[in-house]
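Take a moment with the sequence and the model below. Then follow the chain with me, one stop at a time.

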Amino acid sequence: MGEEAMKVLNKEKLKNAEEALRHYFPQSQQVYGYVFMINRVEADPIDVLVDQWPDFNVLLIRPQRQEKADLFKDMCIFTKDETTLRNILVGTDVIDWKHYLCLSVDLCHKEMLKFVAASRSVPVKNDFPCYMMKLQNPSKLTTERLPVQVSSLNESHVALVNSIWKFGMGEFSERYIRDMIMNFPSCCVLDSEGRPVSWILTYASCAMGMLYTMPEHRRKGYAKALVSIMAKKLHSEGYPVYCFIEEENQLSYRFFTSLGFTADPSYRAVWIDFN
């Protein structure tokens, strides 16, 4: 069957796909976020593939790989039908299984993906199940005036954010962080020297993430302020306001719940690392 089993959507079809994906929340939230962002922001190139058009069963987000560091960028799959997805993964080369690969997918497809990987003799390294937490209406969030400077991250902050991120892999992930900081919304608290001490970023999927506060600056309300500012900004520009919280991270789960974010019990996502 080869590559041609899936079609890359052009600019015109991407606008239609954005509309179509709205009907399958929460399962389609992440791929919707990617398509939403691609339709509005010029960033590192990403292909969106479907099994058929317009009535697709499978939609795949696949960052273009122009250099080795691009392998770090995760792929994301939405499917209405597991059998169709399995047949595509088994019967085509739409995914390159030879290198490091990180896939995000609905948790209910995890066993099938591991089966496909095993059939191709691809080792599964880790998996990270997450709740997806969404904020429908940020207007209730209060943004108190902080006695500190709030700004956006810039290129000079890439190394710092990358070095502290728990999934960072040195140079391998630096390009990924740079793409986020240069192209998507971010927010940070700066100290008197102009150095970030607390920050939050936006992924290519519109999801907020990488929230972090330096230990000596905690308990000052920075995280709450940054999430509130960011949520209002994203919402005012029409973005979905959501994030992913790892299952075992009860602290973050409680924190986002306290700000009005809710998780849909029928849906969890999982990131799976191969090779």
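Predicted model: local features only at pLDDT ≥ 70, side-chain atom pairs only at ≥ 80, totals over all residues.

Start with helix α2, residues 29-38. How many of its 10 residues are buried? The count is 9, so α2 is largely enclosed by the rest of the structure. The buried ones are Gln29, Gln30, Val31, Tyr32, Gly33, Tyr34, Val35, Phe36 and Met37.

Now step back to the loop between α1 (11-21) and α2. Phe25 sits there. Is Phe25 buried or partly exposed? Its relative accessible area is 29%. Buried means under 20% and exposed means over 50%, so a value in between counts as partly exposed. Phe25 is therefore partly exposed. Setting aside neighbours within four places in sequence, Phe25 is in contact with Tyr32 and Lys134. Tyr32 is one of the buried residues of α2. Val90 lies 65 residues from Phe25 in sequence, and their C-alpha atoms are 27 Å apart.

The loop holds another feature. Phe25 is joined to Pro26 by a cis peptide bond, with omega at about 0 degrees. Pro26 is also placed in the loop between α1 and α2. Look for Pro54 in the loop between β2 (46-50) and β3 (58-63). Why point these out? Most peptide bonds are trans.

Next comes a pair of helices. These are α3 (residues 82-91) and α4 (residues 110-119). Their axes come within 10 Å and cross at roughly 20 degrees. An angle under 35 degrees counts as roughly parallel, so α3 is roughly parallel to α4. The crossing is right-handed. Which residues meet? From α3 come Glu82, Leu85, Arg86, Leu89 and Val90. From α4 come Met112, Leu113, Phe115 and Val116. By class, this contact has 7 nonpolar residues, 2 charged ones and no polar ones.

Move along to helix α6, residues 171-183. Here you can check a length. At 1.5 Å a residue, its 13 residues should span 18 Å. That works because the expected span is 1.5 Å times one less than the number of residues. The end C-alpha atoms of α6 are 19 Å apart, which agrees. Several α6 residues are buried: Phe172, Ser173, Tyr176, Ile177, Asp179, Met180 and Ile181. What covers them? The cover includes α5 (158-164), β9 (196-202) and β10 (208-213).

Cys206 lies in the loop between β9 and β10. Its phi is positive, about 75 degrees, although Cys206 is not a glycine. Cys206 has 0% relative accessibility, so it counts as buried. Met210 is found in strand β10. Its phi is near 60 degrees, again a positive value in a residue other than glycine. Met210 has 10% relative accessibility, so it counts as buried. Why do these angles deserve a look? Most residues other than glycine have a negative phi.

Finish at helix α8, residues 250-258, which holds Phe255. With a relative accessible area of 23%, Phe255 is partly exposed. Leaving out neighbours within four places in sequence, Phe255 is in contact with Leu211, Ala223, Lys224 and Val227. Ile61 is 194 residues from Phe255 along the chain, and their C-alpha atoms are separated by 30 Å.

Terms used. Residues numbered from 1 in each chain as written. Heavy atoms only, no water. Buried < 20%, exposed > 50% of the residue type's maximum accessible area, 1.4 Å probe, protein only. Helix = DSSP H or I, 4+ residues; strand = E, 2+ residues; numbered from the N terminus. Axes fitted to C-alpha atoms, helices over the stretch in contact; angles between N-to-C directions. Parallel < 35°, antiparallel > 145°, perpendicular 65-115°, else oblique. Left-handed = near helix turned anticlockwise from the far one by under 90°. Contact = heavy atoms within 4.5 Å. Nonpolar A, V, L, I, M, F, W, Y, C, P; charged D, E, K, R; others polar.
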